[in-house]
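Please keep the sequence and the coordinates in view while reading.

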Amino acid sequence: MPKEITATEAARTFSDLLNRVRYAGESFVVVRNGEVMCRIEPAGTARSAAVTDLLQLLDESTVRDDSFADDLDQVQRRQPKLPRSPWAS
């Protein structure tokens, strides 16, 4: 979902805006006096938009697996002990 910014903000931060579009895949809707003027978004393939959408959905996800940390603890405890390093003092 594109972020809404004012035309003034877009003009003042244009270089940063372009970097965010290019490297973070962000999209923006530029508004002047309450009217949508344009949309600034990556010119890449549909795949890059899909990846960006997926990352955003994962970031916004509220589903949490409370037992995940317990599972990691179990896996760690089941790992065999490493032999002592011959270089350790």
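Two residues are said here to touch, or to be in contact, when heavy atoms of theirs lie within 4.5 Å. The model is a predicted one, and every contact described below should be read with that in mind.

With residues up to four places away in sequence left out of the count, Val21 touches Glu26, Phe28, Ile40, Glu41 and Pro42. Val21 itself lies in helix H2, and it counts as buried because its relative accessibility is 8%, the cut-off for that class being under 20%.

Glu26, another partner of Val21, is placed in the loop between helix H2 (14-24) and strand E2 (28-32). Although Glu26 is a loop residue, its relative accessible area is 16%, and therefore Glu26 is also classed as buried. Once neighbours within four places in sequence are set aside, Glu26 is in contact with Lys3, Arg20, Val21, Ile40, Glu41 and Pro42. With Lys3 the side chain of Glu26 also makes a polar contact, at 2.6 Å.

Because its relative accessibility is 46%, Leu54 is classed as partly exposed, a class that lies between the buried limit of 20% and the exposed limit of 50%.

Methods: Residues are numbered from 1 along each chain as its sequence is written. This is a predicted model: local features need pLDDT of at least 70, side-chain atom pairs count only at pLDDT 80 or more; totals for chains, interfaces and linings use all residues. Side-chain values use heavy atoms; hydrogens and water are left out. Buried means under 20% relative accessible area, exposed over 50%, partly exposed in between (1.4 Å probe, protein chains only). Helices (H or I, at least four residues) and strands (E, at least two) are DSSP runs, numbered from the N terminus. A polar contact is a pair of N or O atoms within 3.5 Å; within protein, one must be able to donate a hydrogen and the other to accept it, and residues adjacent in sequence count only if both atoms are side-chain atoms.
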